[in-house]
Amino acid sequence: MPYYIERDHDRRLRERVARAAAGESQIATLISNSTAGKKRAMYEAITCVGPGEVGSLLSDWRICPGTSPEEPDTLLGQITAVAPRTVLWLPGAERYFLEPGDAVGDAIAKALRELLTDVRRRPSLVLCAMRSRAWQQLIARRPPGASDSLQHARTLLDGSEIVVPDAFTAEEQKRAMVSGDPMLADAAAHALERYVIQYVRAIPELETRFATGTPEQRAVMQCAIDVRLAGHGPWIPTTLLERGAVGYLSSRDREMLPANWFPLAVAELTRRGAADASLLIAHHAEGGPEARGSMRLADYLERQWITDVGHPPLPAVHLWSVLVDHAAPENLLALARECWRRQMLREGCQFYLRAAAAGDVAARHELADRLRSARRIDEALAQLKVLIEDGDTTAVVEAATILLAEDRPGEMIELLKPWAADNHQESIALTAMAYAKRAERAKPGSAMHSDRLYQALADRGRALELYRGLGEQGNLRAALAYADMLADDPHGIDADCCDTAATWLMRVADEQGLDTISAAAELLVRAHGPDAALAMLHHRATREDEYSAYLLGAQILNDHDRDEEALEWITSAAEYRAPGAVFLAAKMHADAGLFPAAVSHAEVAAAVGDCRGFIVIGEAYAARRLPQRSLDCFRRAAENGDSSAWAKAALVAAEVGWISDATGLVRNAQRATGSPDTQLVRGVAVALCRARKADDAIPWYLQNTDTGARDVLVPVSKFILAPDTAEVTVTTYMRLAGVTRGQACAWMAEGLVRADAHDQALVARCRTTTSAEPARSKLSAAAEWFREADDEGYAPAVVRAAEVLIQLRRFEAADSLLEEAEHTRRLDACRAIVHAHQGNVEQAMAVLDSQLTAGNTSAVVPIATVLFQSRQSKFALDVLRRGAEAGDRSAQIALADHHRRRRRNEQALELYLVALAHGQDDALDGIRRLLTGWRRERDIATLEDIITHGVTAEGRLSPPWSIESLTSTT
C-alpha cells in the first residue's frame with residue numbers, strides 16, 4: 001500500500017471517528033468528482049492510532065459488510081442486524097441509494113437512520129463515499145407539492161458531507177514527491193494537474209491494457225465506447241458488443257478470428273488488475289433486469305471517453321444498425337431521442353419502431369409527434385391509426401388535431417365518424433370544429449361556385465347543430481363555441497346575432513346550470529354597451545335571486561371606469577354572499593383607497609376561510625408606501641391560514657430595510673411551508689441589499705442558502721463589488737464552509753464569473769445594433785479575486801485568473817501571471833492564446849500541437865478568435881481546420897461560419913451537416929442562415945430535405961426514405 005499523504009479532509013473525518021469511538025453514533029459521507037482517495041481516507045481514519053494510544057480507536061469494532069460491497073437488498077437485511085460498535089462500510093454508496101431504484105435506496109436510507117438513532121445499537125459509524133453528481137441528486141430539494149421518493153436519503157445524508165478534492169494541492173504534491181515511496185513520488189511528478197491518487201491507482205495499468213490489447217479486445221472496447229456515445233445507457237448487452245465489435249476489425253483480423261474469440265476477449269477485459277480494476281465490468285447479480293447479461297465500462301474509461309469528453313466523436317457508421325437490433329429495450333427511446341437530436345431521423349425512427357413493436361404505446365405516440373414535426377404528416381397519421389385501431393382515444397384526438405392544423409377538415413370528419421357515432425363527446429366537439437373550419441372558406445365577398453357556397457353554409461349549420469347539441473347536454477366549451485358562431489354570423493346583423501346568442505346562453509344557464517351568464521353579458525356589452533348587460537344582470541339579481549349577477553355587474557362597471565357604481569354593485573354582491581364577492585369587495589375598496597371598508601370585507605371573508613382580502617389590502621398598502629400597515633394585513637392573512645402571506649410580508653419588510661422583521665418573517669414562511677424556499681431567501685436578500693443593508697443581508701443570505709450552488713452569488717453580485725461588502729462575503733463563506741481564505745477568494749471569483757455570464761446572456765438578448773459593449777466590472781473583479789486566491793496559496797486559482805484575464809482581453813496581465821506559473825494543460829492553453837495575441841504564432845502553434853496530441857481541443861477556438869482579431873486569418877483558419885480534424889465540433893461550426901460569410905456555401909454546408917450529425921445544437925441554425933442567404937429554390941428544397949429526411953450517420957444529407965421501408969426491416 002502506498003505511503004499515505006494526510007490532507008485537509010482527513011482531520012474532519014477523524015473527528016467524527018473519534019466521536020463514534022466516544023459513544024456517539026456518526027455518519028460521514030466523502031464526496032469527490034473522481035477517484036480521489038475516499039476509500040483510503042476512510043480506511044486511514046478507522047485504523048489510525050491517536051497520540052498516546054497503543055491501538056486504533058476502533059480496534060475492537062466490527063466492519064460490515066466487509067471489504068466487498070453487498071447487493072442493495074442484502075445490505076438492507078444486514079442493517080437491521082447490526083450490533084453496537086459496528087462500522088457500516090459503504091464505498092460507492094450510490095449503488096445503494098440510487099442504482100437499485102428510489103424505493104430500495106430510500107428504504108436503505110431509512111434503515112440507516114433508524115440505526116443511528118437506536119440507543120440499543122449505539123455507537124455505530126456509517127462511512128459512505130460517492131461522487132458529487134450522485135450527492136447532488138440525492139440531496140436536491142424537491143419543489144413544493146412534488147413527490148419525494150428520496151426523502152429518507154436526503155435526511156440521512158444532510159450535513160454528513162466531507163469534500164475530498166480530486167487533485168492534490170501544491171504543498172501536498174511536494175510532500176508526496178519527497179515521501180520516499182517510489183510509486184507515489186513518480187505519480188506526483190507525472191500526474192497531470194496533480195491528480196495523484198488517480199494515477200497511483202489503476203490508471204497506468206488500465207491505459208496499458210487498453211493500448212496493448214489484441215485487435216478483438218480493442219474492437220470490443222471501441223464498440224462499448226461508441227455505444228455509450230450513441231446514447232445507450234451504461235449497461236450494454238453482450239450480444240450488442242459481440243455483433244458490433246466485428247465491424248471494428250479489419251478484414252484480415254475477421255478471417256483469423258477463432259470461434260470463441262468473444263468469450264476470450266471478454267475474459268481479459270473483465271479481468272481484475274491493479275486496485276481491483278478492469279476495463280469492463282460484468283454484471284453477475286440476480287437483480288436489475290436492465291443489467292443482466294450486460295457489461296459496462298470501468299469508471300475511469302467512462303469518464304475519459306464519455307462524460308469528460310467535450311466533443312465526442314461520432315460512433316462508427318455500422319454500429320447504428322447493430323444498435324437497432326440489439327440495444328437494451330429500456331434504452332430504445334433514449335437512443336431514438338439522441339438520433340433525433342443529431343437530425344439522424346431515419347435511425348431515430350428505427351428505434352421508435354422497434355420500441356413500438358415491443359408494445360411501447362408511448363413510443364408510437366412520440367414517433368407520431370416526431371414525424372409531424374418533420375412534416376411527414378401522412379406517416380404520423382399512419383402511426384396514430386395503429387393506435388386508433390387498438391382503441392386509443394388519445395390517438396384519435398391527436399390525429400384529428402393534426403388534420404385540423406393541416407387544414408384537412410374533410411378527412412378529420414371521416415376519422416371521427418365512428419367515435420362521434422358512439423357519442424364520444426370530444427370527438428363530437430372536434431367534428432364540429434372540422435365543419436366550422438370547412439365553413440370558414442366561404443368568406444363574405446369571396447368568389448365561390450354556388451355548390452361550394454351551399455356546402456359551406458351546410459357545414460356551418462352542421463357545426464352549429466353539433467355545438468348546440470353538446471351545449472344543451474351541459475358541455476360548457478361547446479355552448480360557448482355555439483354562441484360565438486351565432487354572434488359571428490357573416491350573413492347577419494351583429495347586434496341581432498349577439499342578442500340571439502346571449503338569449504340562448506341565458507337559457508342554457510337556466511336549464512343546464514352552465515356558467516354562461518358572463519359570456520352573455522359580454523355579448524350584450526359588445527352589441528349595445530354596458531348598460532344593456534347591466535339591465536340583464538340587475539333583472540337576474542333582483543327577480544331571480546341570482547346574486548352572482550351583482551358580481552359580474554361590478555366587474556363590467558370597473559372595466560368601464562365607473563368606480564362608484566362598481567362599488568355599489570360589489571357591496572350588494574357581498575351583502576348577499578355571492579361566491580367570491582366579499583373578496584372582490586375588499587379588493588375594489590382597497591384599490592379605491594377606502595381601506596376601512598376593505599378591511600371590513602376582508603374580515604368577513606377570512607371568517608369563512610378566504611384570506612385573499614387581507615393579501616390584496618396588504619399589497620395596496622405596500623404600493624402606497626405604508627409598510628407597517630401592509631405587514632399587519634399580511635400577518636392577519638397568515639394567522640387566518642394563508643401561509644403564503646409570510647413571504648409577501650418578508651419582501652415588503654426587506655424593501656424598506658427592516659432586516660430583523662424581514663428575516664423573522666422568512667423563518668415564519670419556512671416553518672409554515674416546511675421548505676427552505678430558496679427563492680424567497682434570494683428575493684429578500686436582494687431587496688435588503690437595495691435598501692442599503694448589504695453588509696448585514698449577505699451573511700444572512702449565505703447562511704440560509706446553498707453556498708455550493710453555481711449561481712449562488714448571481715442575484716447579489718452587483719452589491720458585492722463594494723470592497724467592504726466583498727470582504728464580508730469572503731469571511732462569511734470561510735466561516736460557513738470551513739475553508740481557507742484562498743479557497744473562499746476563488747469561490748467569490750467563480751460566483752462573479754457566473755454573474756458576468758448571466759449579464760452577458762441578458763445583454764445579448766436585449767442588445768440593439770447601436771448599443772455599446774457594457775463594462776465587465778464583475779469579470780474584472782473576478783480576475784482580482786482569483787489573483788488574491790493565488791496569493792493566498794490556492795494554486796488552482798492561477799489557471800482561472802489567466803483564463804479570466806484572457807476573456808477580458810488583458811493579455812499583458814495574463815502573460816505576466818503565466819511567466820511564473822507551472823506548466824499544466826490548461827495553463828499551456830492560456831499561454832498559446834497569449835502567444836497568438838502577441839504575434840508569436842509559431843510558439844502558439846507549438847503549444848497547440850502538444851494540446852491536440854493529448855486530445856485537448858479547448859484552446860482551438862480561442863486561439864483562432866485571437867488570430868482573427870489580430871488579422872492573422874491564414875493562421876486562424878489553419879487552427880480551425882486542425883481543431884475540426886481533431887474532433888472539435890465548435891471549431892467545425894466556427895469554420896463553417898467563416899465559409900458562409902465568405903459565400904463558400906458548399907463547403908459551409910458540408911461542415912454544418914457533419915456537426916449536426918455530431919449533435920452540435922447550433923449547426924441547424926447555421927444551416928438555416930446559410931440556405932436563407934442563398935434564397936434559391938434548390939436551397940429551400942435542401943432545407944426541407946434536412947427537416948424531412950435528416951442526415952446520415954456520416955454527416956451527409958440523407959436520401960429519401962419512408963416509414964414503410966423501415967418497418968419492413970425493423
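**Close-up views of salt bridges and cysteines**

**View 1. Glu-414 is partly exposed, with 49% relative accessible area.** Buried denotes under 20%, exposed over 50%, and partly exposed the range in between (1.4 Å probe, protein chains only). The model is predicted: local features need pLDDT of at least 70 and side-chain atom pairs pLDDT 80 or more, whereas totals for chains, interfaces and linings use all residues. Residues are numbered from 1 along each chain as its sequence is written, and side-chain values use heavy atoms, without hydrogens and water. Glu-414 forms a salt bridge with Lys-417, their closest N and O atoms lying 3.0 Å apart (a side-chain nitrogen of Lys or Arg within 4 Å of a carboxyl oxygen of Asp or Glu). Both residues belong to helix α23 (residues 409-421), where three residues, about one helical turn, separate them (helices are DSSP runs, H or I, of at least four residues, numbered from the N terminus). Lys-417 is likewise partly exposed, at 46%.

**View 2. Asp-897 forms salt bridges with Arg-900 and Arg-929.** The N to O distance is 3.7 Å for Arg-900 and 3.9 Å for Arg-929. The pair of Arg-929, in helix α51 (residues 923-934), and Asp-897, in helix α49, links distant parts of the chain, 32 residues apart. Arg-900 also lies in helix α49 (residues 889-901), three residues from Asp-897. Asp-897 is buried, at 15%, while Arg-900 is partly exposed, at 22%, as is Arg-929, at 42%.

**View 3. The structure contains zero disulfides (cysteine sulfur pairs within 2.5 Å).** For Cys-339, the nearest cysteine sulfur is that of Cys-349, 9.5 Å away. For Cys-498, it is that of Cys-497, at 6.9 Å. Cys-339 is buried, with 0% relative accessible area, and Cys-498 is buried, also with 0%.

Methods. Helix = DSSP H or I, 4+ residues; strand = E, 2+ residues; numbered from the N terminus.
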